[in-house]
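Hi,

Here is the structure I said I would pass on. Have a look at it first, and my notes follow below.

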Amino acid sequence: MNEGQYNAHSFRDKLDVLLGNLTKFQDQQLFFLGGFIKSGTTWIERLLDTHPQVACKGEAHFASLLEPALRSAIVKYNSVIPERGNWKRLNDEGVESTQTSDYSYLEQDFDNISRLSIQLLMSKWSGNSSIRAVGEKTPNNAQYFYRFHQLFPNAKFIYIVRDIRDVIVSGWFFNLALDSEGTISKYSTIHDYGTLIIKNWIQEIANANNFIEQHNNQAMLIRYEDLWSEPQLHTKRLLQFLGVEDSDESIEFCLEKTDFSKLSGGRTRGTENRGSFYRKGIIGDWKNHLKHDTLVEVELYCGAMLDHLGYDQYLP
Amino acid sequence: MNQVISIQHFREFEAFLDRKLFFIVGMPKSGTTWVQHILNNHSDTVCRGESHFFDILFPQIQRCFQHYNKEILQQGGIVAHLEEYGGHVESLNYKIDDMHLVLLYSIFTMFQKWVSTNKDSLILGEKTPDTIRHLTLLTSLLPQAKIIHVIRDGRDCATSGWFFNTSGMKENHVPARSFDDHICRFLKQWKSNISVAQTVGENLGNRYFEVKYEDLLEQPNREVTRLCHFLGANEDEQTIENCVYSARFEKMGDGHQQGEDQKTAFVRKGISGDWRNHFSSALNKRAWAIAGDLLESLEYSQS
């Protein structure tokens, strides 16, 4: 990059804007959305983002992409520095310093730099002064709730869960739509795909449940099926949880803007388009696609959890 | 509400950006470490290093965010093939200003390790010679910062560098380059980097200060007084005498005398003009052809 391009005055102006964003951000409620893929995380992200007091974007992969890259940079710096011109590094008394902590970034430093980086991005989503809550959705956030809580002790967490059987069906068609040949060669049938998914799902949801139990003031669980069948009630729950305005008008506004017909390019729920991100928008489609073998595995690995989550009311 | 980075911590960071900072820069083997020690021993200043903020840390930070941006775009691109996805990857992009802010925050974090309490009266500095190649970036990010550019006769720098680089090598090791080639290569860099720095320095006005190694050798108290004046530090005679004394050759070297060649020591010989003991007249001709104009403008003699 040509150093001559930098303009001192304009950088400080931009810096002031960035710092201003960050300052405003301090007063907003931070939250993270997570859930197994195809559980409706994007739907809820869009629903919340529609609310005038909420900004919610995704998928930033802060924990799975940003943090490892940042850590790598810091570790590299820390490892190179000792070799470079470190003759008689000075400490406070002006004598040779053997403390590498004087010249290396430690874990707590990394946490601070990571916090700043995450906030830098998120604070840009809330430029509008009416925003009270700022959130980020990446499905795998659910695997990192503990980490986010460590970085942001006051943040709130929303975990979205959906019937694993519908998750399998949705995921299968999703993968086929992205790469039909690759998917078939990797899994061959929806059953094989399901087998893999089941194990990941049960592990993730067990961890998420633990987190929610330990931090029940700051974490909530919502079922895709609940939002689907009682949208006003559960939207209200979400908005109250985030501490934003939850009038009937606001709720209707959000629901109307993110109605399936709006998201799917005009289709009503149940009208399938396998090439669309919003494929069908119903619950229970698993009955049309899953065979006995898969259902047996679901029962084996996930039966207890499905019961615990109240899914038995959806069993045939 | 969020107490993520607390408001107070933020205020400290903001205050840091407007603080009186200085950076010691220069070509390698010009005496930057010497100046660092002198200033670090002054009661008004703290000067640590080498932290390579601009030549090592920033490229790492940039690489990190560029990699992130690229991956995000790629992932978004995959799903965007599906109809109606409607994702907004443009809100998931780190701009160069963001990277600058992360760099500044990282610099702030490092300085905080060196000055553990908020001693507002202290003048804080850092020495990394290689920052000489990044002065425009530094001064645009830290408009209040001052630059101390340590200059030394390039021929002496090159000679010193030769012994510094080869001191660790076994006797029968053949260096990659001959002495003459090393000298010439170094002098090209010396001329180029100092010229650029001086150009940048002109635009910085009273935020830029040059000090010559040779002047420091000859008249240390006078030069250090000038340095302190530049920084706004105490110029009292005893204070100056103390910090000059604290960085005397006997202390900085390996216990040998000034003028005595101790090839394995970081502070090897501590004199000026040693190049004359090592350059053939042919080499000096070549050297002058490469960097003569700058040497002359800096009042170094040809022979």
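To start you off: which residue just after H13(A) takes a positive phi? That is Gly310(A), with phi at about 85 degrees.

Before the rest, some housekeeping. This is a predicted model, so to speak of local features I needed pLDDT of at least 70, and side-chain atom pairs count only at pLDDT 80 or more, while totals for chains, interfaces and linings use all residues. Residues are numbered from 1 along each chain as its sequence is written, and chains are lettered from A and ligands numbered from 1 in the order in which they are written.

**Chain A overall**

Chain A has 13 helices and five strands (DSSP runs numbered from the N terminus: H or I with at least four residues for helices, E with at least two for strands). Of its 316 residues, 41% are buried. Buried here means that 20 or more other C-beta atoms lie within 10 Å of the residue's own; 12 or fewer makes it exposed, anything in between partly exposed, and the C-beta atoms are placed from the backbone. Taking the contacts in chain A with a separation of 6 or more, 76% are between residues 24 or more positions apart (a contact is two C-beta atoms, placed from the backbone, within 7 Å).

On confidence, the mean pLDDT of chain A is 88, and 90% of the residues score at least 70 (pLDDT is the predictor's confidence in each residue, from 0 to 100). Residues 1-6 of chain A have a pLDDT below 50, and beyond near neighbours in sequence this stretch has seven contacts in the model.

Helix H13 of chain A covers residues 292-308. Its 17 residues should span 24 Å at 1.5 Å a residue, which agrees with the 22 Å between its end C-alpha atoms (the expected span is 1.5 Å times one less than the number of residues). There is also a kink of about 75 degrees, centred on Cys302(A); the bend is the angle between axes fitted to the seven residues ending at a residue and the seven starting there. Cys302(A) is one of the buried residues of H13(A), along with Thr294(A), Val298(A) and Leu306(A). An α-helix has 3.6 residues a turn, so residues three or four places apart point the same way. The cover over the buried residues of H13(A) includes helix H6 (164-178) and helix H8 (190-214) of chain A.

**Strand S3(A)**

All five of the five residues in strand S3 (residues 133-137) of chain A are buried, so the strand is largely enclosed by the rest of the structure. Ala133(A), Gly135(A) and Lys137(A) are buried on one side, Val134(A) and Glu136(A) on the other. S3(A) pairs in the parallel sense with strand S1 (residues 29-35) of chain A over five bridges, and with S2(A), also parallel, over five bridges (two strands pair if DSSP finds at least two bridges between them). Gln29(A) stands opposite Ala133(A), and Lys57(A) has Glu136(A) as its bridge partner.

Two cis peptide bonds to check:

- Gly58(A) to Glu59(A), omega near -5 degrees; Glu59(A) is in the loop between strand S2 (54-58) and helix H3 (62-80) of chain A.
- Gly49(B) to Glu50(B), omega about 0 degrees; Glu50(B) is in the loop between strand S2 (45-49) and H3 of chain B.

His52(B) lies in the loop between S2 and H3 of chain B. It is not a glycine, yet its phi is positive, near 45 degrees, and it is buried, with 22 other C-beta atoms within 10 Å. Lys29(B), in the loop between strand S1 (21-26) and H2 of chain B, also has a positive phi without being a glycine, at about 65 degrees. Lys29(B) is buried, with 25 other C-beta atoms within 10 Å.

**Where the chains meet**

The contact takes 64 residues from chain A and 54 from chain B. On the chain B side, H3(B) gives the most, with 12 residues.

Cheers
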